[in-house]
Amino acid sequence: MISGVKIPERKTMSIKNKIGIYNKMKYVYIPLISGNDTNITVTVKKGDYVYKGSIIGKRKGDFRINIHSSISGTVIDYEEKYTSNGEKVKCVVIENDFLDAIEKEYENNDITKYSKNDFIKTLKDCGIVGLGGSGFPTYIKYNTTQKIHTLIINAVESDPYITADYVLLREKCEEILETIDAIREINNIDEAIIAIKNYDTELKQIIDNYIGTYLKIKLILVPDIYPIGWEKNLVKYIKKIDYSNIPLEKGIVVNNVSTIYAIYEALKYHKPLTERIVTFTGENLKRPQNVIVKNGTSAEEIIKKIGGIINKDAQYIAGGSMMGKELPTSDIVINNNDNCILVTTKNQNQEIECIKCGKCVECCPVKLSPIIIEENIENQETLKKLKPEKCIECGLCSYICPSKINIRNTVKKAKEKIRKEG
Amino acid sequence: MGPFIKSNTNVKKMIMHTINALIPIIIFSFIKNGIIPYTKGYTNLTGLFYPIIFILIPTISVIIYEILYNIIFQKQTNISNIKNNYNIITGILIGLMLPINTPIILLVLAPLISIIINKLIQKIFKNTIINPALIGTLLVLVIYPIIMGNISYLNKYEIATSPEPNYINTTGTYETMVKPYGGLLNFFIGTIPGTIGETSVFLCIISFIYLTYFKVIKWKIPITYILTVFAITYVIGGTNIWYPILQILSCGLIFKAIFITTDPKTSPLTPIGQILYGLFLGILTIIFKYIIPLEQGIIISILIMNLLVKTLDKIGSLARFDFKKSLIPFIIAWIMILGLSIGIPLKYNQETPTINETTTT
Ligand code: SF4
Ligand code: SF4
């Protein structure tokens, strides 16, 4: 049994439209951030000419990975810009010469012709990171001597509104299946499983059309309960096993669809990760749709380009409606962590006194007791035993609360408190 | 701060669902205590509507007191807040849990005192600890016999047709315990004497299904509570299945199990806490029936358990990570259940050997 709650979908508004591409920007502001890490070494200086795909920064430490320029042009400056984490981050400003020049053309007709080492090196060189929001370098997942028996492709997108993986899988199904099979072969993985939601019949049909030739790829339909897209829940549902930190402990690797597509481009063209698909959606957008966005593009520009907002009193959210973060401004630059920009109108949900209904306790997927954590927030000893650090910030407790209390915030606070005070 | 979508349940809806669930019960009590006595010619027009008026008095009193409290002490003039106040159900529940002959003055005073006590507790402990509807009801049931002699549960029609209900119905035979009221089916439908709203077990169960379907109540509590009482009285009653059935159908147990023990603010939040709560409620109810017989044993059991909610939740929240943490209270509960099931028949067989030697006819 996996725990979760059925929550609204709100996906239809952005699902119908084809994927748009935006590359008319005069400047890109490539944020020097990878995952949450802003400790990046810059490798270019003002006045340098860069190709599309040239390395402009390197992440240090255990999760070494490169950051690449997403256009060709001249580095003109450094500037602090807001990114989706709600903070200002130092960015490399590049003026677009609209040539999309790349240093060296490359094409590989058979993407299965990689040794495991070359595969890992390619992912690393191309700066491929998980595109689900964590920014975790993908090569690390495969860089192991342990036997990987299952590759799970997470195409679930359990957060409402977001359809990026859905439309990508719909429109690039052939390439994605090819890539999955290649990864499977290169890494000697026994089977690959694509997980989609059980009501996605359109997607199922499309995949069924192509999957026939890939005997070792299986399609699995998962129930539509939130947060089924959370790796632990997904692995538990599909494989009926629990793991403690990462799925690799049990010989499993999980990747989402966007990441697989990025791997495809890396294997096929040696194309570094310089763009990604982002869902622009929300009741307050005139034409919600998915857009391929170059790293470092201003969200505001794209929103204008796709028709703008309806109501001036707009609220901008990075990420989905459950896990996402409210942005201080629409003038943020998009990077690899962003799968969705949600634009809604501000609505006041008045919090009232807790009625002790216990719903927040019952719904928590990691079995926390949010309201009891709140009651004991001052009591360090008890608080420790209540393990707030396990919270995955899924937001279900706040979602479900009939008193409209933002109880997740309290759990987050408790989490920080435990981290700080040990 | 997110999440940016919220479920469509809210406190107002939960209160409305609870009121909806009570409406059939109110209508039933109107038929039983108003319409039937009227059509049989036992009462006049005021008597016809008396049950409705009776339930309205504490209901309206509570609403007025809450509004006054808000205005005077909270300096809130926006009385629309009252819609989110779970206490407004308190009045209806008090009305439904009292005998029809309760003096009107008590109907007005009991809610007032229970609200005052409740607010004081809230001030001191920063929490609602004791169920206000229960304080009110218990108050009335204690004062009533003092000023009026004995409590009479019979409406005008039942005075002529039925004996007083037996609130400590532990010993007797089918003939003495069930027959005078018609049969077990009457206990189920609710055409037996008792408090105004508690007699119809059938309607209570319908309400329970409704409230559980709409996820309004903590359904684990009534289920474990009722099952515990049933299991123990089943053993006590020997092989006579009518005996445990009678025990759970009478004394307003099911009504209180569904509407009172599940009151959100005074019941545990954690699933394991709720199950323990139900188990110990059952155990206490049995104790106050057989060992220390009290007419208001159920109410007192719930009040005692109210005091333990915090403790049970503490156990319950830790046991979510590791079930072993709740082993000790469960073991205590099982031992007590076993002890009561075995001990009580022994005690009664020495004193009154009539407990279960009968057969249904
Ligand atoms: S406490 Fe954390 S993990 Fe549990 S429901 Fe709330 S946000 Fe999700
Ligand atoms: S869901 Fe909200 S009202 Fe219910 S117990 Fe949790 S915090 Fe309180």
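This is a predicted model: local features need pLDDT of at least 70, side-chain atom pairs count only at pLDDT 80 or more; totals for chains, interfaces and linings use all residues.
Local features were taken at pLDDT of at least 70 and side-chain atom pairs only at pLDDT 80 or more, whereas totals for chains, interfaces and linings use all residues; side-chain values rest on heavy atoms, with hydrogens and water left out. Residues are numbered from 1 along each chain as its sequence is written, and chains are lettered from A and ligands numbered from 1 in the order in which they are written.

Chain A meets chain B through 47 residues of chain A and 30 residues of chain B, where contact means heavy atoms within 4.5 Å. Together the two chains bury about 3,300 Å², with 60% of it on carbon and sulfur atoms; this buried area is the accessible area (1.4 Å probe) that two parts lose on being put together, summed over both. One salt bridge is counted between chain A and chain B, namely a side-chain nitrogen of Lys or Arg within 4 Å of a carboxyl oxygen of Asp or Glu. The side chains of Glu353(A) and Lys265(B) form a salt bridge at 3.4 Å, N to O.

The ligands come next. Ligand 2 lies between chains A and B, and the residues surrounding it (a heavy atom within 4 Å) include Cys354(A), Cys357(A), Cys360(A), Cys401(A) and Leu269(B). By class, the shell of ligand 2 holds eight nonpolar, two polar and one charged residues; Ala, Val, Leu, Ile, Met, Phe, Trp, Tyr, Cys and Pro count as nonpolar, Asp, Glu, Lys and Arg as charged, and the others, Gly among them, as polar. Around ligand 1 there are 13 residues, the closest being Cys364(A), Cys391(A), Cys394(A), Gly395(A) and Cys397(A). That shell divides into ten nonpolar, one polar and two charged residues.

Finally, the cysteines. Over all chains the count is zero disulfides, a disulfide being a pair of cysteine sulfur atoms within 2.5 Å. Cys126(A) is buried, with a relative accessible area of 4%, and Cys360(A), from the ligand 2 shell, is buried at 11%. Here buried means under 20% relative accessible area, exposed over 50% and partly exposed in between (1.4 Å probe, protein chains only).
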